[in-house]
Amino acid sequence: MSGILYLVATPIGNLEDITFRAVRILGEVDLIAAEDTRNSIKLLNHFDIRKPMTSYHEFNRYDKAEVLIEKLEAGSDIALITDAGTPGISDPGEVLVGMCVERGITVVPVPGAVAGINALIASGQNTGRFAFEGFISQDKKERNHIIDRISSEERTMIIYEAPHRLVKTLILLRDTLGEERSITICKELTKKHESFIRTTLGEAVIKYETEEPRGEYVLIVAGKSREEVERQEKAVWDEISIEDHLRKYMNEGMSKKEAVKQVANDRGLPKREVYDISVQLDK
């Protein structure tokens, strides 16, 4: 019978944020796979957990996953932990989980801290709908694809960034989304010097071009507002006449009545005004 892979969330700063269940699971498994064993040993020592550890990180995620799979299939229970927070989010744990699912090995999440969610709920931004972007790729083609996508994103966006790339990313976001787009810059989450800077992308660039970024950052960026979406949608129709707008829909198979209604809706005009123009099409 195969063992179980436990995805154990660990504190992102404050050690008091670990759960009773996480401590118990870490003390019961046969092996702990850690992103950085040197870092994780401090956590385990703090809670007096004496279990063998092995490294599982970005650079060995495929080869080491095979080794861990063999141990799981032989019946060993393994806990996967990251340096801080929940494994499997923007880290190599995704690979191991995928392989376990493919081979029918049980995967059990042990919930706890997630930097992105903690940043989001305290950001002051809209939390009803949000999109997790993680770290924006440094590959030019992939980065351009992501930026093109978020330029039209209406949901609040969660973005992770390292200090040495913060300014570059803020400039990219400013140039894509505009200087006035709202952003909350979060760092040192759950730690003594935890901070939330609520500002605009334009002001954020100015701040960090003169102030050296330190620590890991979570950026909570407002999505495109409904008003902005409506303005852009209407702006598209300003490029053609109302007559051509009507012809477009009628050529697509709409009746004149349906086209009048749709054009009035597109442009935010009274239907009577559009109808009067539609009458001219028959002359």
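Trainee: Which residue in β9 does lysine 187 stand opposite?

Mentor: Start with the general idea. Strands of a sheet pair through backbone hydrogen bonds, either parallel or antiparallel. Here, lysine 187 stands opposite serine 195 in β9. Strands are DSSP E runs of at least two residues, helices are H or I runs of at least four, and both are numbered from the N terminus. The model is predicted: local features need pLDDT of at least 70, side-chain atom pairs count only at pLDDT 80 or more, and totals for chains, interfaces and linings use all residues. Residues are numbered from 1 along each chain as its sequence is written, and side-chain values use heavy atoms, with hydrogens and water left out.

Trainee: How many bridges join β8 to β9?

Mentor: Two strands pair if DSSP finds at least two bridges between them. Strand β8 (residues 182-187) and β9 are joined by six, and they run antiparallel.

Trainee: What is the strand order of the sheet with mixed pairing?

Mentor: This open sheet has five strands, ordered β6-β7-β10-β8-β9. At its edges are β6 (130-135) and β9 (195-200), each pairing on one side only. On average, neighbouring strands are turned by 20° against each other, direction ignored. For angles, axes are lines fitted to C-alpha atoms, for helices over the stretch in contact; values run from 0 to 180 degrees between N-to-C directions.

Trainee: Which strands does helix α7 lie across?

Mentor: Contact means heavy atoms within 4.5 Å. Helix α7 (residues 166-177) lies across β7 (156-161), β8 and β10 (217-221), at about 5° to β10.

Trainee: What is the order in the sheet with parallel pairing?

Mentor: The order is β3-β2-β4-β1-β5, again an open sheet of five strands. Its edge strands are β3 (53-55) and β5 (106-110), which each pair on one side only. The twist averages 25° from one strand to the next. Three bridges link β2 (residues 31-34) to β3 in the parallel sense. Isoleucine 32 has methionine 53 in β3 as its bridge partner. Helix α4 (residues 93-102) lies across β1, β4 and β5, at about 150° to β1.

Trainee: Aspartate 266: buried or exposed?

Mentor: Compare the relative accessible area with the cut-offs: buried is under 20%, exposed over 50%, partly exposed in between (1.4 Å probe, protein chains only). Aspartate 266 is buried, yet has no salt bridge. That would need a side-chain nitrogen of Lys or Arg within 4 Å of a carboxyl oxygen of Asp or Glu. The nearest side chain of opposite charge, arginine 267, is 6.9 Å away.

Methods: Lys, Arg positive; Asp, Glu negative; His and termini not counted.
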